[in-house]
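Hi everyone, thanks for coming along. Let me put the structure up, and then I'll walk you through some parts of it.

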Amino acid sequence: MGNPVKICDLVLRDGHQSLLATRMRTDDMLPIAEKMDRVGYWAVEMWGGATFDSAMRFLDEDPWDRLRLLRRAMPNTPFMMLLRGQNVVGYRHYPDDVVERFIVRARTNGIDIFRIFDALNDVRNMAWAMKVAKREGAHVQVALSYTTGPPYSVDYFVNLARQLADLGADSIAIKDMASLITPYTAYELVYRLKKEIGLPVHFHSHTTSGMATAALLKAVEAGADIVDTVISSLSLGPSHSPTESVVAMLQGTKWDTGLDLDLLAEIAEYFAQVRRKYARYESGLLGVDIGVLQYQIPGGMLSNLVSQLRAQKAEHKYREVLQEVPRVRAELGYPPLVTPSSQIVGTQATLNVVLGERYKIVPEEVKNYVRGYYGRPPAPIDPEVKRRVIGDEEPIDCRPADLLPPGMPKAWEEIGSIARSEEDVISYALFPQIARPFLERRARGSDGKEPVAAAIAGMLLHRLEEQARREPPTPPAPSVSPWKTTWRPASGRWTGILEGAGGLR
């Protein structure tokens with residue numbers, strides 16, 4: 001008897017988040033949507049994670065529009081999103097009413113499956129999101145944030161899954177975000193989850209360490225029902241196993257997926273062309289990095305870490321930062337390195353290295369983590385680090401969201417005058433500093449291009465002025481500059497007009 005494995009493709013979310021710093025635009029997803037809808041995927045992960053704030057922050061797009069447009073273009077394929085429990089799609093805990101309204105509107109707009117996790121595997125931080133998603137008729141998939149270290153074992157994850165099953169989970173995902181799981185551990189964990197918990201098991205592993213495809217196959221042998229892959233042209237490196245390769249490896253076996261390799265090849269060719277458009281966001285981390293077994297930085301974080309160091313002109317300290325990460329992680333109680341704990345640990349490690357003194361500066365997020373505002377750490381925090389970070393203050397021991405007042409009334413009051421929908425208010429409640437300027441641009445009837453052009457013009461003019469202060473005034477050659485410039489000796493500055501930008505000054 002056959003037991004076909006189901007495929008969930010992550011190209012529209014985790015694939016470009018891991019390789020292209022979450023920069024793929026909706027316009028580059030829609031042309032291939034019809035073909036993807038014909039594949040017969042168990043689901044496509046296309047929302048959540050870092051895509052929500054990145055859409056507004058970097059792309060000047062409404063993330064809700066992406067969901068609605070793709071839903072219309074792919075009516076036959078279930079949509080999955082990654083939900084960070086009480087963090088929703090953000091980097092801190094939000095009040096219960098914000099969590100609830102987000103899930104309700106996400107479900108209404110087209111999300112079928114909510115993959116819910118907590119960065120600390122704190123069940124208290126997942127329970128409310130699970131309850132609401134279940135009430136709204138969605139598939140509730142809980143994710144075990146897999147990692148290694150003193151607190152963790154197969155028993156640990158089986159016990160965690162049991163607690164989540166008791167709360168009403170429909171399926172269990174093993175979320176190996178840092179590519180740490182070995183093939184035989186994957187086999188043992190899947191086997192025990194199937195035997196002792198009895199829910200469908202979904203296997204997710206990044207290919208950073210080079211072990212993911214082997215681990216995926218062992219997970220399938222142990223009874224995994226669903227596996228995560230990414231179409232080949234956005235696979236491997238810190239991404240995931242190639243969809244076509246997995247489909248081909250299982251052909252002719254009892255796990256045969258039944259998917260059409262020719263159709264998948266057409267989709268792969270399309271994304272190969274799209275990828276070229278985003279080459280400047282490539283992290284360069286394309287091969288196997290076995291060092292991840294020590295550093296444990298997840299795929300989505302690696303490309304962003306490189307970008308951050310590059311912006312600070314400290315890219316040469318990349319390896320030093322990686323070596324500092326496990327030290328900070330141990331001192332903070334061995335949290336799994338997944339958003340937002342990966343950012344918390346990664347930021348502190350970066351500061352420790354760049355400043356040349358450990359814990360010289362401690363960001364507020366690290367202080368709040370030590371205070372317990374993100375949940376209960378898996379292991380005790382180093383007492384000396386705790387003292388340096390928060391002094392004699394005692395951490396809280398309740399569910400962090402219990403301390404938060406409702407958030408939606410305040411959001412309606414502050415942004416309701418320019419909001420067109422409840423979705424706009426939710427975006428503001430989650431990311432006020434990003435959503436407000438986005439919504440204001442839209443209210444002015446701008447599509448975002450004019451403010452972006454103005455920002456570029458201002459930046460170029462500033463650079464010209466700085467150059468003029470340092471060097472004799474030599475007008476730039478027209479062939480290499482978009483500016484029509486004039487040197488004003490009396491003022492000691494350039495004035496310029498950016499060609500093609502509507503006469504911006």
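How many bridges pair S5 and strand S6 (residues 171-176), and in which sense do they run? There are five bridges, and the pairing is parallel. Two strands count as paired when DSSP finds at least two bridges between them. Helices (H or I, at least four residues) and strands (E, at least two) are DSSP runs, numbered from the N terminus.

Before going on, a word on the model. It is predicted, so local features need pLDDT of at least 70 and side-chain atom pairs count only at pLDDT 80 or more, while totals for chains, interfaces and linings use all residues. Residues are numbered from 1 along each chain as its sequence is written, and side-chain values use heavy atoms, with hydrogens and water left out.

Now the overall picture. The protein has 21 helices and 10 strands. Of its 505 residues, 56% are buried; buried means under 20% relative accessible area, exposed over 50%, and partly exposed in between, with a 1.4 Å probe and protein chains only. If you take contacts (heavy atoms within 4.5 Å) with a separation of 6 or more, 74% of them join residues 24 or more positions apart.

Back to strand S5, which covers residues 139-145. Six of its seven residues are buried. On the S6 side, serine 145 stands opposite lysine 175. S5 also runs parallel to strand S4 (residues 113-116), with four bridges joining them, and here arginine 115 stands opposite glutamine 141.

Let's look at H6 itself. Its buried residues are Ala129, Met130, Val132 and Ala133. They pack against strand S3 (79-83), helix H5 (96-109), S4, S5 and H7. Just after H6, glycine 137 takes a positive phi of about 85 degrees.

Next, histidine 202, in strand S7 (residues 201-205). Is histidine 202 buried or exposed? Histidine 202 is buried, because its relative accessible area is 0%. Leaving aside residues up to four places away in sequence, the residues it touches include Arg115 and Gln141, along with Ile172, Ala173 and Ile174. Histidine 202 and serine 171 are 31 residues apart in sequence, and their C-alpha atoms are 7.3 Å apart.

Another covered element is helix H19 (residues 422-430), where nine of nine residues are buried. Among them are Glu422, Glu423 and Asp424, as well as Tyr428. The buried residues of H19 pack against helix H3 (51-57), helix H4 (63-73), H5, helix H18 (408-415) and helix H20 (432-443).

Finally, let's go to the outside. Isoleucine 290 sits in the loop between helix H11 (261-277) and helix H12 (292-295). Isoleucine 290 counts as exposed because its relative accessibility is 51%. That's my last stop, so I'm happy to take questions.
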